[in-house]
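Work through the exercises below with the sequence and model open. Try each task before reading its solution.

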Amino acid sequence: MSFRKVHLRKLLAAFGSTEQKLITLLRADIRQELAKAVGENKGGGDFHGPFWSDAKDYVLMGSDFVQRTQLRVQANKRRERLYPSLQNGFVEWWENKKRFNNEHIRPFPTAIKNHVNFPDLDATVKAENFMGLSIGDGDKRLIYPYFSESPPLSADHARIGLWLLSTAFPQHSIEDFRILDVLRGSSFSVQESDLTGNEERTFKQLFARVLKRWRDLREEY
């Protein structure tokens, strides 16, 4: 039951989807879970993981991102359409950020990974695979990627996503977090999307709606 233990990025995409798009997303998830249950692997592995690994190497090691992307596409033609677009969106965002910040950048030395349980919903949201950066004399940037082609990440959903991250990682300041809509090269922080105080209630309401729709559809299979 993957939507009862779901990655934040996947859940944010569900929150922003139209009803028709949400049904398509949930049905695909259900079919994948059923295939796994009988030992079939139809998911094709982690589609975005290799891209995000290359993006980190580009930022932290100066690797040739274009060449890496070309090699990824050659290795798997399923990546041919989206990988170059993801690369372009990321590079545009990163180069714009660098234009305003000439400070030394190095890896943030601690792995960032946690989850938030919602006992009243019998569900868990996972947050992992950040790009962690130390900037200058000690500022941190903990960048969480949103990969979905559709829907774009809205400021409202980014705000409740930032709330979830601050709940998952109370040892870090919420001001250190960014959620990056990679394809569109847009990042969100509390500086642009300040919390209003109703984020937990809104998050739970949206999550409950998605779970109910998932359970209703699951009964058809």
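**Exercise 1.** Classify Asn129 as buried, partly exposed or exposed.

Solution. Start with the cut-offs: buried is under 20% relative accessible area, exposed is over 50%, and partly exposed lies in between (1.4 Å probe, protein chains only). Asn129 has 31% relative accessibility, so Asn129 counts as partly exposed. Strands, marked E, are DSSP runs of at least two residues, and helices, H or I, of at least four, numbered from the N terminus. Finally, check the backbone: phi of Asn129 is positive, about 65°, although Asn129 is not a glycine.

This is a predicted model: local features need pLDDT of at least 70, side-chain atom pairs count only at pLDDT 80 or more, and totals for chains, interfaces and linings use all residues. Residues are numbered from 1 along each chain as its sequence is written, and side-chain values use heavy atoms, without hydrogens and water.

**Exercise 2.** Locate Asp122 and describe its phi.

Solution. Asp122 sits in the loop between strand E3 (113-118) and strand E4 (123-128). Its phi is near 55°, a positive value in a non-glycine residue. Most residues other than glycine have a negative phi, and most peptide bonds are trans. With 44% relative accessibility, Asp122 is partly exposed.

**Exercise 3.** Which residues does the cis peptide bond join?

Solution. The cis bond joins Ser150 and Pro151, with omega about 5°. Pro151 belongs to the loop between strand E6 (139-146) and helix H6 (155-168).
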